[in-house]
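Here's a quick walk through this model, starting with charged side chains and moving on to a helix and a loop. Have the viewer open as you read.

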Amino acid sequence: MPMDITTIRDTTVIMIPARFDAGNAPGIESELRAVLATKPKKVIFDFADTGYIASAGLRVLLQITRDLMKTGAKV
């Protein structure tokens, strides 16, 4: 499931889907790793449409956030 990822100036906005569970976590992680590779300066995770996050989704979010912060990005 492709996510809506937009960049406004130096801020990357990532719309997290309605469900973030074990079924779609690997695909979302792959997309987020691609964003990480661009070395963004600021990242906003938008959960406006998200109704459910399973532990697999939380694991991905925590890993990506940690990796972003290691590159100096603001989350």
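Which residue forms a salt bridge with Arg66? The partner is Asp67, and the closest N and O atoms sit 3.7 Å apart. A salt bridge here is a side-chain nitrogen of Lys or Arg within 4 Å of a carboxyl oxygen of Asp or Glu. Salt bridges that share partners link Glu29, Arg33, Arg59, Arg66 and Asp67 into one network.

Before going further: this is a predicted model, where local features need pLDDT of at least 70, side-chain atom pairs count only at pLDDT 80 or more, and totals for chains, interfaces and linings use all residues. Residues are numbered from 1 along each chain as its sequence is written, and side-chain values use heavy atoms, with hydrogens and water left out.

The whole structure has six salt bridges, including these:

| Pair | Closest N and O atoms |
|---|---|
| Arg19 and Asp21 | 3.3 Å |
| Glu29 and Arg33 | 3.6 Å |
| Arg66 and Asp67 | 3.7 Å |

How buried are the partners? Buried means under 20% relative accessible area, exposed over 50%, and partly exposed in between (1.4 Å probe, protein chains only). Asp67 is buried at 14%, while Arg66 is partly exposed at 44%. Asp21 is buried at 17%, and Arg19 is partly exposed at 45%. Likewise, Glu29 is buried at 18%, and Arg33 is partly exposed at 30%.

Glu29 and Arg33 both belong to helix H1, four residues apart, or about one turn. Helices (H or I, at least four residues) and strands (E, at least two) are DSSP runs, numbered from the N terminus. H1 covers residues 25–37. Its buried residues are Ala25, Ile28, Glu29, Leu32, Val35 and Leu36. They span an arc of only 115 degrees around the axis, so they share one side of H1; the arc is taken from the directions from the helix axis to the C-beta atoms. On the other side, Pro26 and Ala37 are exposed. The buried residues of H1 pack against strands E1, E2, E3 and E4 and helix H2. After H1 comes Lys39, with a positive phi near 55 degrees.

Now for the loop between E4 and E5, where Thr50 lies. Thr50 counts as buried, at 18% relative accessibility. Leaving aside neighbours within four places in sequence, Thr50 is in contact (heavy atoms within 4.5 Å) with Ile16, Pro17 and Ala18. A polar atom of the Thr50 side chain lies 3.0 Å from the backbone oxygen of Ile16.

Technical notes
Expected span 1.5 Å × (residues − 1). Polar contact = N/O pair within 3.5 Å; in protein donor to acceptor, adjacent residues only side chain to side chain.
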